[in-house]
Amino acid sequence: MSDPVNYEKRGAIAVITLTNPPVNAIGHAVRKGLFAGLDAAAGDASVTAVVITGDGRCFSGGADIGEFGRPPAPPTLRDVIEAAEACPKPVVAAIHGVAFGGGLELALACHQRVGDASARVSLPEVKLGLIPGAGGTQRLPRVIGAKRALEFILSGDPVGADEALSLGIIDQIIAGDLVEGAVAAAEKLAAEGKPPRKVRDLAAAGGTPELFAGERKRIERRARGQMAPGHCIDSVENACTLPFDEGMKKEREYFERCRDSDQSRAQRHVFGAERAAAKVKDMPPGTRPRAVESLAIVGCGTMGAGIAACVADASLPVTVLETDPEALEKGLAAIATNYEGAVSRGRISREQADARMGLIRGTNDYADLAGADMVIEAAFEDMDLKKEIFRRLDETCKPGAILATNTSTLDIDQIAAATARPGRVIGTHFFSPANVMKLMENVRGAETSHETIATVMALTKVLGKIGVLVGVCDGFVGNRMYYSYTAQANFLLEEGAFPEQVDRVIHGFGFPMGPFAVGDLAGLDVGWRVRQGRAKTRPPDERYSPIADRICERGRFGQKTGAGWYRYQDGGRKPLPDPEIEELIIGVSDDLGIERRNVSDEEIHDRCIYALINEGAKILDEGLVQRASDIDIVWIYGYGFPVWRGGPMFHADRVGLDKVSARLAQLAETHGQELAPAPLLEKLAGQGKTFASL
Ligand code: T1G
């Protein structure tokens with residue numbers, strides 16, 4: 001492997017370049033190269049200043065995440081950063097692309113920072129369950145003030161070159177060649193002959209007790225159960241109250257505590273799992289995705305409109321077909337209203353909203369879809385209707401066009417069979433609201449071609465989504481597991497629990513909401529229709545709870561009707577326990593001859609969470625996902641599984657598959673064989689293995 005750091009001189013300026021593709025992650029070899037380069041520059045009398053920059057696509061994506069599981073080998077990142085700051089000659093950081101995490105921390109220790117228009121900076125450590133551990137919490141507040149530094153560090157989100165300039169994170173935007181501009185800046189600093197300006201010598205402004213108290217209050221809800229955000233606040237507060245070196249010492253303590261925590265291990269797992277999900281194991285080398293430059297959507301209801309907005313957000317033109325003119329007008333108006341809201345909240349500018357609306361064209365005529373590279377059908381969840389739509393699309397669309405369906409449960413193979421191009425038919429299951437939720441389940445049919453899969457997986461990234469490739473089964477991966485978990489939640493109601501107890505336990509586990517509050521939010525009528533559709537094929541011996549149906553029969557569909565599992569006062573969204581529902585539940589227990597009992601929180605946790613894991617094991621065993629971590633991604637990005645637990649399969653590995661399997665076997669004896677441990681779970685448990693070992 002070529003040297004990951006290049007050292008050259010341009011006149012009297014030493015230029016140290018990170019050359020460690022793909023993102024110049026700062027691992028041990030890079031740290032050694034940087035340290036040696038700074039040492040050489042400091043010791044070379046002909047060198048008057050230094051530039052540090054990155055080769056390839058960026059400055060640096062930060063410390064090498066892959067190294068965290070191993071003891072840090074010297075020189076540490078802090079050693080390198082201290083060497084840059086202590087260099088007796090001016091050191092200028094030249095940033096293009098990302099300077100994230102340790103990359104930005106390195107730049108902050110330099111005596112000046114310049115960037116080009118592509119520069120983006122962030123401290124995303126909190127997304128890995130960490131805090132910036134190489135001085136970011138001590139230097140950034142000294143540059144941009146405590147308030148803005150807290151927002152920056154707690155969000156972990158990047159800011160672009162202009163905002164970085166206005167904040168003072170970078171000192172100058174270079175219009176021409178970045179390195180030449182940085183060399184000129186370094187020459188100027190050297191010529192001034194002043195001692196290098198060190199960020200550590202600045203004071204962090206604005207760190208009032210009220211600010212920190214307010215931020216601690218805010219993360220109580222927003223980052224409930226997580227450790228790193230609290231330590232971010234502690235460390236920024238230290239930057240305002242302690243001498244620099246003491247603040248650095250405390251930062252290191254917090255960083256190590258977070259780094260060695262289960263939460264950070266889980267979040268680092270998710271970081272890798274997200275990227276692994278994009279890789280298709282059986283993809284023949286050299287398979288190229290087709291270009292997708294124009295899309296069409298069939299259907300302009302909630303999902304169709306959401307998907308259209310998602311496509312326009314990615315700056316792609318999209319034609320929306322609705323055969324019913326009124327429905328089309330209503331759907332387009334809903335998109336426009338959504339954009340108006342985003343403008344009024346300052347999420348996007350007026351120009352952006354207008355540009356995106358300008359990309360969306362409505363039509364009632366299939367002929368207008370003929371030129372689309374890809375069509376996504378988002379019509380009513382009815383197989384006959386979908387087959388008819390796909391027949392017409394097959395006749396209308398150009399030969400290479402991909403035909404996708406947003407169905408959330410129906411059989412892709414049956415839909416593909418309605419066309420003469422089954423190789424170009426695929427499922428693209430968006431999650432509602434489609435323009436917000438990041439997850440897409442891309443469903444490969446038996447005949448879906450590799451080129452179609454490659455194209456849709458690439459488009460998923462263009463849409464800013466995280467795509468998981470799944471196989472055909474009822475409910476695919478997410479909803480199939482959701483049915484297993486919510487079935488247990490309903491059975492627990494029959495046996496003695498009430499919705500608020502179940503929701504409290506699941507919320508306490510880390511989900512934003514429990515299953516009954518979620519049902520009321522999404523609308524109970526959706527699931528009711530699905531269950532009615534399944535009634536004919538449901539195995540007679542399968543345990544089935546009638547509670548949800550009886551609630552729907554009363555026209556209680558959740559928040560949208562002011563009542564569902566809970567009641568909602570004056571159009572509010574706060575779920576209030578409803579005696580009417582308690583009576584209904586008790587009535588079902590009586591009808592079923594079940595003697596109600598006290599159900600413990602522990603039983604609720606085990607029957608819901610382990611049922612979820614158990615179904616995941618079955619899905620894995622049936623080869624409906626490529627790897628266990630794909631299931632983690634589905635559940636974190638589609639259903640709000642707490643990211644700091646890593647997803648259901650990672651969580652199961654951490655609990656121990658032997659414990660999960662034994663507990664399921666015990667529960668199955670009393671509460672029904674649907675809880676019996678899946679064969680794969682039992683096998684791995686018996687071998688002392690993990691899902692991750694597959
Ligand atoms: N370390 C190791 N590998 C990394 C990496 C990193 N920091 N960042 C990316 N990769 C790998 C990634 O796994 C993938 O590998 C390939 O690079 C391309 O990534 C002390 C403790 C930089 C914006 O959290 O946000 O510094 O799949 O597909 O879409 O305080 O990667 O090809 O095998 O994402 O162009 C903090 C994480 C680290 C940034 C590029 N930094 N990375 O996005 O490519 S902790 C981060 C990203 C730290 C200090 C702390 C993105 C990116 P593979 P990619 P991309």
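Visitor: Are helices H26 and H27 roughly parallel or roughly perpendicular to each other?
Guide: The axes of H26 (residues 648-655) and H27 (residues 657-671) come within 5 Å and cross at roughly 95°; helices are DSSP runs of H or I with at least four residues, numbered from the N terminus. Axes are lines fitted to C-alpha atoms over the stretch in contact, with angles from 0 to 180 degrees between N-to-C directions. Under 35 degrees counts as roughly parallel and 65 to 115 as roughly perpendicular. H26 and H27 are therefore roughly perpendicular.

Visitor: What kind of model is this?
Guide: Residues are numbered from 1 along each chain, and side-chain values use heavy atoms, without hydrogens or water. Local features need pLDDT of at least 70 and side-chain atom pairs 80 or more, while totals for chains, interfaces and linings use all residues, as the model is predicted.

Visitor: Within what arc do the buried residues of H15 fall?
Guide: Helix H15 buries Met383, Lys386, Ile389, Phe390, Leu393 and Asp394 (buried is under 20% relative accessible area, exposed over 50%, with a 1.4 Å probe and protein chains only). Asp384 and Glu395 are exposed on the face turned away. The buried residues line one face of H15, because seen down its axis they fall within an arc of 135°.

Visitor: Which side chain makes a polar contact of 2.7 Å with that of Ser545?
Guide: Ser545 sits in the loop between H21 (524-535) and H22 (547-553), and counts as buried at 9% relative accessibility. A polar contact pairs N or O atoms within 3.5 Å, one able to donate a hydrogen and the other to accept it. At 2.7 Å, the partner of the Ser545 side chain is Glu494.

Terms used:
Helix = DSSP H or I, 4+ residues; strand = E, 2+ residues; numbered from the N terminus. Arc of directions from axis to C-beta. Parallel < 35°, antiparallel > 145°, perpendicular 65-115°, else oblique.
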